[in-house]
2 protein chains.
Amino acid sequence: MKFGLNFFPVFDPAERSAHAYFDDCLRLAELADRLGFEHVQTVEHYFSAYGGYCPDPVTLLAAVAARTTRVRVVTGAVIPAFTHPVKLAGKLAMLDNLSHGRLDVGFGRAFLPEEFAAFGIPMEQSRSRFAENVEACRRLWSEEEVVHRGEHTAFGPVTMLPRTVQRPHPPIFVAAATSADSCAAAGAAGHHLQVVPAVTTTEDLQVMLTAYHRARAEAGHAGAGRVQIKYTCYLDDDRETALAVGRHWENNYIEKMRAAVASWAAPGTGGRDYPGYAALLEKVRAYDFARALADNKVLAGTCDDVARQLGEIAEWFGPDLSVSLQFNPGALPLPAAERALRDFAEHVAPKLAHL
Amino acid sequence: MKFGLNFFPVFDPAERSAHAYFDDCLRLAELADRLGFEHVQTVEHYFSAYGGYCPDPVTLLAAVAARTTRVRVVTGAVIPAFTHPVKLAGKLAMLDNLSHGRLDVGFGRAFLPEEFAAFGIPMEQSRSRFAENVEACRRLWSEEEVVHRGEHTAFGPVTMLPRTVQRPHPPIFVAAATSADSCAAAGAAGHHLQVVPAVTTTEDLQVMLTAYHRARAEAGHAGAGRVQIKYTCYLDDDRETALAVGRHWENNYIEKMRAAVASWAAPGTGGRDYPGYAALLEKVRAYDFARALADNKVLAGTCDDVARQLGEIAEWFGPDLSVSLQFNPGALPLPAAERALRDFAEHVAPKLAHL
């Protein structure tokens, strides 16, 4: 089991300025770099308090790369439907160079109707644009004189610059929310996987991971494939304090998510590319912190509590996971996040070192 | 007269790796920050040894912002035709926050046919996309609930996040190559100006600057407007050494530019949006280092020589300039660039302090 940081900003300008948030992120990234965490990752969202402070993860990760020397920098995820593949491959290649080969590229399909609308992209094209643009990026990194004649973009022959440090290309992760088919496709393509346990049942996620590993093995790709999994983590010496803080910020997160996914209530949203997404509304409505904690959807408590939770997670999903931990959700003050990071490194991670 | 750094990478993978180049840039940016330079700027180009190592200036500048505390970070320039305005405004707003309000945004139209072809953008739409997208970015930064119904993109109502630190928006510069009309339009709009003296005659540039300042004043905008102007600078205690190094790397630059602009030889390239650009080919062919030096298109020699050149430049174009200096052209080794930067700060800039 490896551990990294996840930055998912959840507030609006009335609650917190972005410059203060980014300052905190860079301080936490430096600390994670020194404490031996594996990676730092962040998200791409727009307009709303649900992630909207980070419309371009590469921009924040370039700053992280400049302040660190060891941690991997991870897009979790970039949305290829919203950026031309020449631009996306180019800036990710710059980040791979700025970080001296520490980049992992997670690609996602996106799911918020307002984001697709702003870019003028029909959600019905989500799958085809994702597949086409991920492949275009892979070829721009690994080949020269690339000729691309896709359904949505066409270019070439071009040779992308700069060339990536990692050859033939940085590791490619596919972000999968709920679909075992998507996981199988990622495995068959030889990609790695990013999952978010909060949006599925434990059993469904097990099915997804099994489908991923099986498809990957059947396609003959070397290695088991890397899996990144995201949790928010609340640590305190006093269990009740950890739970109270966790309850507060998790409810804040759900409230912001509820506003961001509200437009899913319109019948037919997303079309056939998003089966089951309308259920997001019901999941959000039914959210309960105590239940989420009992189901290990959120990590909260003493160091022993969280170590026990991670042990169960390793039993459920296998120990070969890279766990992305959010230590600074909402407007949690920096000193509290720094303390949690240190406590995790000193008192939680060692308990899982055997995994 | 203020001074900054300009990074314009001019090499291909056989000559220099991007990670070594970016390392140098960050070292030079840190040094410039300590030595009191005003800004650091970089360019957007694709595919060729002529600038192609920097397909996304925001990515490099985010790293610069993370390593510095005082210098302004400047896009010189970003190309709004190649990035959706929601994405462009968003990542520039992130950079304004990461740098705590140190961002100057230069926007350019681009002029290389291969770049337009890769993005599937007709060069005939260059002016209209530029105007539309610069205005869209300005509104996304300064207004809320923006509704944009343009010729090329449409979106809204949306409120861009994060909000910029600089209100109502970061300073906007327009990059103008040869057109006095473009300069007048920038002035009338209240924007600032970026110029490249290497591609015009001194007299034409004077006409451009006069047109800019007159239009800006007539439109009633406060202040004279800021003007950034770019030169490459070669310094050595021994004049002949400076000139030999300068001749070598300037000829290398021209050779790379010749390859990048070769497709301008095709009749009709660029259409009516690019009057006079076909002459680029002839300018490149006729390039002569001694002539460029005599015309103050390149700065080279002892500290006294370069101070004298800058004095003449101040006489020609007015002293109220921000001069962007490239100290690490081509594959010039870092120690030589660092020495030149220190020498400039210690022995050249003070001689112009009265301006």
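Predicted model: local features only at pLDDT ≥ 70, side-chain atom pairs only at ≥ 80, totals over all residues.

Reader: How should I think about a nonpolar core, and which residues touch the most other members here?

Author: In soluble globular proteins, nonpolar side chains tend to be buried together. Here the largest nonpolar core has 231 residues, and Ala63(A) and Ala63(B) are the ones that touch the most other members.

Reader: What relates chain B to chain A?

Author: Two copies of a chain are related by a rotation about an axis and a shift along it. In this model, a rotation of 180° with 0.0 Å of shift along its axis places chain B on chain A, with an RMSD of 0.0 Å. That is the relation of a two-fold axis. Ala63(B) turns up again: its C-alpha is the one in chain B nearest the axis, 2.2 Å from it.

Reader: How many residues of chain B are in contact with chain A, and which elements do they come from?

Author: There are 44 residues of chain B in contact with 44 residues of chain A. On the chain B side, the elements giving two or more residues are helices H1, H2, H3 and H4 and strand E6. By class, that side has 28 nonpolar, 11 polar and 5 charged residues. The copies meet through the same surface, because 100% of the interface residues of chain B are also interface residues in chain A.

Reader: Is Val58(B) buried or exposed?

Author: The idea is to count C-beta neighbours, and 20 or more within 10 Å makes a residue buried. Val58(B) has 27 inside 10 Å, so it counts as buried. Val58(B) lies in helix H2 of chain B, residues 57–67. Beyond its neighbours within four places in sequence, its contacts are Thr59(A), Thr75(B), Val78(B), Lys91(B), Leu92(B) and Leu95(B). Take Leu92(B): it is 34 residues from Val58(B) along the chain, yet their C-alpha atoms are separated by 6.9 Å.

Reader: How do I check the length of a helix such as H3(A)?

Author: Compare the expected span with the distance between the end C-alpha atoms. At 1.5 Å a residue, the 14 residues of H3(A), 85–98, should span 20 Å, and the end C-alpha atoms are 20 Å apart, which agrees. H3(A) is also mostly covered, with 14 of its 14 residues buried.

Reader: In what sense do strands E5 and E6 of chain A pair?

Author: Residues 146–149 of E5(A) and 154–158 of E6(A) pair in the antiparallel sense over 3 bridges. A hairpin of 4 residues joins the two strands, and His148(A) stands opposite Phe155(A).

Reader: Where are there cis peptide bonds in chain A?

Author: One joins Gly76(A) and Ala77(A), with omega about 10°; Ala77(A) lies in strand E3. Another runs from Arg167(A) to Pro168(A), with omega near 0°, and Pro168(A) lies in the loop between E6 and strand E7.

Key:
Residues numbered from 1 in each chain as written. Chains lettered and ligands numbered in written order. Core = buried A, V, L, I, M, F, W, Y, C linked by C-beta atoms within 7 Å. Buried ≥ 20, exposed ≤ 12 C-beta atoms within 10 Å, placed from the backbone. Least-squares fit on C-alpha atoms with pLDDT ≥ 70 in both. Contact = placed C-beta atoms within 7 Å. Pairing = 2+ DSSP bridges. Expected span 1.5 Å × (residues − 1). Nonpolar A, V, L, I, M, F, W, Y, C, P; charged D, E, K, R; others polar.
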